[in-house]
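Here is a short report for a reader meeting this structure for the first time. Keep the sequence and the 3D view at hand.

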Amino acid sequence: MEAKKDNSGRITDWRSYERVLLPSIKDLHRLDVYEENGGYQALRKVLVSDDWTPAKVTDEVKASGLRGRGGAGFPTGLKWSFMPPVDPEVPRFICCNGDESEPGTFKDRQLLEYNPHSLLEGILLACYAISAGTAFLYIRGEFADWITHIEVELAKLYEKGYAGKNIMGSDFSVEIVIHKGAGAYICGEESSLMNSLEGERAYPRVKPPFPAQKGVWGYPTTINNVETLAAIPTILNKGGDWFASVGAERHPGPVLYGVSGHVNRPGVYEYPTGILITDLIYKVAGGIRNGKKLKAIVPGGSSTPILRADMIEGVRMDAESLKEAGSMMGTAGMLVMDEDTDIVGFLRRITHFYHHESCGQCTPCREGTGWLEDIVSRLERGEGHYRDLDLLTDLCTQMEGRTVCALADAAAWPVRYTVERFRDEFEARCRPSLVPAGISI
Amino acid sequence: MAKVTIDHQTFEFEGSPMVLQFCLDNEVDVPHFCYHPAMSAPANCRQCLIEVGMPDRDRATGHAILDEDGNPVIQFMPKLMTSCTQPAADGMVIRTHRSSDIIRRAQKDNLEFLLINHPLDCPICDQAGNCPLQIQAYKFGPESSRFEFEKSHKPKQIELGPNVMLDGERCINCTRCTRFTDEISESHQLTIIERGVDNYPMTPPGVVFDEPYSMNVIDICPVGALTSRDFRFKARVWEMSSTPSITTTNAKGSNCHYWVQDNLIMKVTPRTNMFVNEYWLADEDRLDYRRFNDNRPSGPTVDGDPVTWDLAYEHARGLLAKCEGAEILFVGSSSACVEDNFLLGRMAASLGADTPVFVEHAVEGAGDNWLVTDDKTPNREGCLRLDMHPLTGESLRSRLSSGEIKVLYVLEEDLITSGLCSAEDLSGVQVIVHDNSISNQLVDLAAVTLPAAMIVETVGTYVSENGYAQKSVPAKAIRAVNRTLMMSIGKSRADMHGTPFDKWHHEENLVNCLPGWVSIPEIARALGQDLSFKGPRQIIEALADSNEAFAGLSYEGMGEIGIQLEEVAATA
């Protein structure tokens with residue numbers, strides 16, 4: 001079935017959309033099946049044809065409008081072009097960030113399980129585009145089964161000459177190294193990931209210098225998310241123009257929506273960007289379970305600002321529309337909460353996560369995350385004060401933008417916006433004021 | 001030249017210095033904890049925040065946009081920047097806490113965060129009174145805290161190594177200590193363990209923090225998390241006076257502060273001198289202070305009996321006058337200052353004796369090409385430049401056994417403990433010794449002892465292994481009243497209050513000793529020679545005039561940071 005196009009020729013209809021990142025093909029995770037279904041054709045095309053210079057691959061990715069799927073949404077082609085000119089004396093690296101650990105986000109896991117070869121092919125293509133000789137695939141250690149599986153598939157790649165020296169008979173060589181994380185959220189921060197890879201304590205680095213200038217072991221490095229790299233073969237197979245025509249104009253492409261929470265059919269769904277949030281909840285994920293009403297959603301992983309049910313009408317899952325609505329696209333891992341959800345308890349759990357995961361390098365984050373949890377826990381127990389709500393907002397201001405990496409922001413935003421958008425529920429949990437109403441003090 | 005504006009004041013600069021260091025160099029006090037000029041800047045304390053602006057430029061033409069008054073429009077960065085990692089650029093406009101409410105608020109916020117899990121145990125903390133966190137909390141911090149929860153608990157009283165004690169709860173995670181072991185001493189013996197608010201520095205499993213420079217982390221720790229096992233709980237910082245001086249444990253001439261309470265040396269800390277030891281001091285330099293307090297002689301003796309100084313001089317004169325110059329062996333000392341050795345040489349010459357010799361105290365392989373040298377004395381180079389030669393045990397013993405030596409005149413050395421001769425070898429010889437410790441075995445058999453002041457009590461010049469001349473000033477008083485020492489002690493300390501009523505002045509702990517440049521001229525005078533100088537300053541002037549190796553040297557030239565002898569000689 002041909003995907004329907006809207007009046008401006010864009011593929012936005014999710015019902016007729018044909019999946020490319022996670023197609024429904026049995027055993028696609030195996031090299032032979034992946035190849036039968038057109039796998040490694042993009043790599044072959046690029047390596048065999050003289051037309052496809054590295055710069056042309058980068059241009060194709062730029063033309064696709066692909067924005068990073070790791071949360072920040074930075075244009076991928078532009079990021080690649082930050083790499084300095086090739087110097088044969090200086091090694092260049094690619095890191096694939098598979099340290100997926102933001103609460104509510106589980107899309108990379110799906111790719112690693114069902115379509116790992118699209119990632120490996122994407123890594124090889126990216127290495128070609130930026131002339132990197134080594135790729136580090138950094139996967140969180142908890143994904144043990146898929147790490148084992150990818151190791152098996154990677155060995156097959158080496159055996160077939162799709163990785164290692166002189167790939168497919170060309171003079172292009174890439175070593176792919178799998179590195180397991182040891183269970184820290186902070187390792188998903190790109191500079192932290194590099195420190196972890198080097199065997200150092202995973203403290204984020206001060207930027208500048210950026211990874212393209214000074215990355216792994218001080219050499220030029222590009223770091224991309226799993227889903228970002230897995231989209232590269234599709235871009236080269238179907239063309240950057242096709243990719244750019246899928247979904248929202250300024251945030252195009254197919255994207256993996258991870259829907260979790262109080263819906264009837266939680267899971268990972270591949271659709272064009274810009275799907276209506278209401279469609280995603282009520283049609284794709286089957287609506288709220290037990291016939292309850294929607295209370296709130298968190299659109300893109302736990303750090304993105306929460307949206308009340310009355311704020312999502314007509315809002316689409318793309319960077320621009322969500323920004324307008326007062327939130328962010330993040331990783332597109334949507335948390336759905338029904339009317340029975342205790343929002344104070346929800347926030348307490350979120351603050352606990354960031355307290356637990358703060359690396360402790362910068363003062364505001366190290367001290368602030370714990371303080372936030374202390375206050376929200378007290379509110380949850382019903383022992384909080386009205387002044388605590390203003391203090392929470394104050395502490396968020398003291399943390400935001402004042403640290404080396406963005407973990408402090410990620411910890412502060414949910415608190416700021418949850419308190420702001422559900423202030424009545426927080427006030428209802430506070431101890432009653434000792435001063436009777438109507439008396440001016 | 002490139003210009004940067006800091007709080008409405010314009011400075012010129014070269015290169016691209018980091019704003020924090022540039023501010024500190026120009027006496028703009030920007031609060032900070034983790035930054036140390038000798039180490040990398042991790043920007044983790046977040047205290048040195050500043051607002052940074054650059055002139056707005058027209059994208060098309062590249063020209064600066066001007067407002068109606070013709071001044072450039074300044075575009076400030078949306079985020080506050082850490083000045084320790086922000087390079088200065090031409091035209092940059094910087095606002096610190098001196099001109100920006102936003103920065104004042106940010107610094108107050110940050111100090112509130114730093115203090116929520118910091119135990120406020122200043123009354124029992126060694127660092128109190130000299131604590132960057134305490135000082136900056138008073139200067140820039142909030143009046144009170146809004147934190148109403150239990151503070152985080154971490155291990156306390158951890159012995160990291162033989163010299164350093166850790167209190168994990170006081171730690172503010174600046175990582176200065178781990179960066180010191182990674183970047184400066186390269187021992188890699190410390191690392192941060194745990195995560196988040198539970199972080200603290202620790203040795204890796206099975207490792208003891210015993211590197212020879214471990215105690216530097218105590219000085220650079222901006223709180224009381226790392227304290228000296230030797231010094232902790234001994235004295236409060238305000239009960240001591242500190243005196244800038246140099247250490248005498250080896251021939252490096254490392255600069256230090258001697259901390260004195262009740263006329264006793266309590267601890268030794270480094271003093272910054274970029275020409276010698278930069279910011280650091282070896283542990284052996286710090287732990288070698290007890291000899292200044294313990295086993296000190298109680299006054300001059302003749303044949304073991306206490307006597308007055310005048311009687312001791314008279315007795316020494318009698319011994320020296322009885323024999324020919326060739327029958328006297330003068331032994332100088334590489335532990336004594338240039339002045340004392342110079343006077344000893346003058347006295348030897350006037351008596352017709354040979355130039356004094358000195359004893360070497362080198363430990364092969366002890367040096368590390370940094371702040372520890374093979375040579376364990378501070379002034380060997382000075383002795384060599386005074387044309388003194390090392391004395392070997394062999395030559396000493398043969399000259400003693402042949403009976404050619406009748407009188408042995410020794411400055412500070414202990415020939416027996418040093419292994420140059422035995423007590424029996426000295427049986428036929430009259431020994432005169434300027435001793436600084438009763439553990440000196442010559443004291444037991446000496447005819448005359450004339451206790452000598454040590455570096456912490458005297459004014460003197462010492463020449464390091466590399467020919468770098470530095471002078472000491474007295475850190476504590478001696479029993480005798482000496483105008484030069486009294487003047488010097490008053491000027492030498494930071495508090496500038498050198499009176500007998502001061503806290504470092506304690507009758508009981510005053511040692512009855514004299515600098516060599518006081519006692520040697522007294523003996524010379526008794527012998528009818530004139531060796532008197534107004535003071536050590538004049539001795540050095542006379543030396544500079546008479547010895548090319550010291551040409552141009554003066555107390556003013558040395559100042560507090562010393563001077564390279566070759567350099568002054570070249571300009572003299």
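In this predicted model, helix 8 of chain B crosses helix 14 of chain B in a left-handed sense. Helix 8 of chain B covers residues 338-350, and helix 14 of chain B covers residues 536-546. Their axes are 10 Å apart and meet at an angle of about 65°.

Which residues form this contact? Helix 8 of chain B brings B:Val338, B:Glu339, B:Phe342 and B:Leu343. Helix 14 of chain B answers with B:Pro536, B:Ile539, B:Ile540 and B:Leu543. Of the residues in this contact, seven are nonpolar, one is charged and none is polar.

Next come the domains. The domain assignment divides chain B as follows.

| Domain of chain B | Residues |
|---|---|
| Domain 1 | 2-111 |
| Domain 2 | 117-228 |
| Domain 3 | 301-571 |

Domain 1 of chain B and domain 3 of chain B have C-alpha centres 54 Å apart.

Now the nonpolar cores. Nonpolar side chains tend to be buried together in soluble globular proteins. Here the largest nonpolar core holds 182 residues. Within it, A:Cys95, A:Ile123, A:Leu125 and A:Tyr257 have the most contacts. Helix 6 of chain A, residues 116-130, gives the most to this core: ten residues. A separate core has 92 residues, including B:Val331, B:Ala336, B:Ala446 and B:Met454.

What does A:Tyr257 touch, leaving aside neighbours within four places in sequence? A:Tyr257 is in contact with A:Val268, A:Tyr269, A:Tyr271 and A:Leu280, among others. A:Met317, A:Ala332 and A:Met334 are also in contact with A:Tyr257.

Technical notes
Residues are numbered from 1 along each chain as its sequence is written. Chains are lettered from A and ligands numbered from 1 in the order in which they are written. This is a predicted model: local features need pLDDT of at least 70, side-chain atom pairs count only at pLDDT 80 or more; totals for chains, interfaces and linings use all residues. Axes are lines fitted to C-alpha atoms, for helices over the stretch in contact, and angles run from 0 to 180 degrees between N-to-C directions. Helices (H or I, at least four residues) and strands (E, at least two) are DSSP runs, numbered from the N terminus. A crossing is left-handed if the near helix is turned anticlockwise from the far one by less than a right angle, and right-handed if clockwise. Two residues are in contact if their C-beta atoms, placed from the backbone, lie within 7 Å. Ala, Val, Leu, Ile, Met, Phe, Trp, Tyr, Cys and Pro count as nonpolar, Asp, Glu, Lys and Arg as charged, and the others, Gly among them, as polar. Domain bounds come from an automatic or database domain assignment. A nonpolar core is a set of buried Ala, Val, Leu, Ile, Met, Phe, Trp, Tyr and Cys residues joined through C-beta atoms within 7 Å. A residue is buried if 20 or more other C-beta atoms lie within 10 Å of its own, exposed if 12 or fewer, and partly exposed in between; C-beta atoms are placed from the backbone.
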